[in-house]
Amino acid sequence: MANKKRTFCYSLCLLTSLALNLFFITNLYLDNKLNKQKLSWSREAAAEAEAAAIISCSGHGRAYLDGLAVDGKPICECNTCYGGHDYSVFSPDCAADADSGDPLFLEPFWMQHAAKSAVLIAGWHRMSYTFYDQSFISQELENHIRRVHSIARNAITKGKYIVFGGGSTQLLSAAVYALSMNLSSPASVVAAPLAYPLYETQTNYFQNNHFKFNEDALLLNNSSYTTSNVIEFVTSPNNPDGKLREPVSRGPSVRVIYDHAYYWPHFTAIPAPADEDVMIFTISKLTGHAGSRLG
């Protein structure tokens, strides 16, 4: 009798185990099948993106889906001063370009946060000219920009308008144009040395009857006070010395464009949030995504 009970228990356990295993295997199969059905084109797109991202290039370059390709497969785009078949050979005669640079020092951060920072966009994403509220600017993007400045405590955005441009370069020119439109006489555009060369180059390129680039701000007048129409670029913190600058020109007709490209905690101390009328920031110095051209 005891043997029959024992056999019955063993049989029951075996059947229960088989039933549970069958249940789990079936669920696993169905889940995988459903997931494959749910993620179709995005699975292939994600796989292609990861395949390009894991190409090492010996740590001296990157491969991109929208970059160089051989036989339809992405290949490395080598960093300056490196070469060889695997891009590991350093050229000792390579000259460093001290006039400009790429913010690639932020690349490791994004690699460490690969999953959280990855973005997958459908080919038909937002093909309309406008958003749901008929605006040309994403309200969600604007909200995030205000939040970032609040967290960094580097700018007061309450009561301010957010204007987007193709990088800060476009916005610098747009600001000069806007500030000079309704003046009684042409404005002198100035910048104290050492200044970003593009201030002068771009102002001269777009020069018209409303403004022209003048000599630097320190030489504009014997004193810093002026009654003339002046638009001054103030780079704060300045590049390359990192000094937090204030306008040199003073007077009732002085308008100031604050270039705060480097006013972020990973570049400088933030003594107080900036609260000027015209402030320029750029995503290239915040996140390192210079190629996105978002100012």
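This is a predicted model: local features need pLDDT of at least 70, side-chain atom pairs count only at pLDDT 80 or more; totals for chains, interfaces and linings use all residues.
Local features were required to have pLDDT of at least 70 and side-chain atom pairs pLDDT 80 or more, while totals for chains, interfaces and linings use all residues. Residues are numbered from 1 along each chain as its sequence is written, and side-chain values use heavy atoms, with hydrogens and water left out.

Helices (H or I, at least four residues) and strands (E, at least two) are DSSP runs numbered from the N terminus. Beyond its neighbours within four places in sequence, Leu172 is in contact (heavy atoms within 4.5 Å) with residues including Phe233, Ile257 and Ile280.

Five of the six residues of strand β10 (residues 254–259) are buried, that is, under 20% relative accessible area, with exposed over 50% and partly exposed in between (1.4 Å probe, protein chains only). β10 runs parallel to β9, joined by six bridges, and pairs in the parallel sense with β11 (residues 279–280) over two; pairing requires at least two DSSP bridges. Tyr258 stands opposite Val234 and has Met279 as its bridge partner in β11.

Nine aromatic pairs were found in the whole structure, defined by ring centres (Phe, Tyr and the six-membered ring of Trp) within 6.5 Å, with planes under 30 degrees apart stacked, over 60 edge-to-face and the rest tilted. Tyr205 and Phe206 form an edge-to-face pair, 4.9 Å centre to centre with 85° between the planes.
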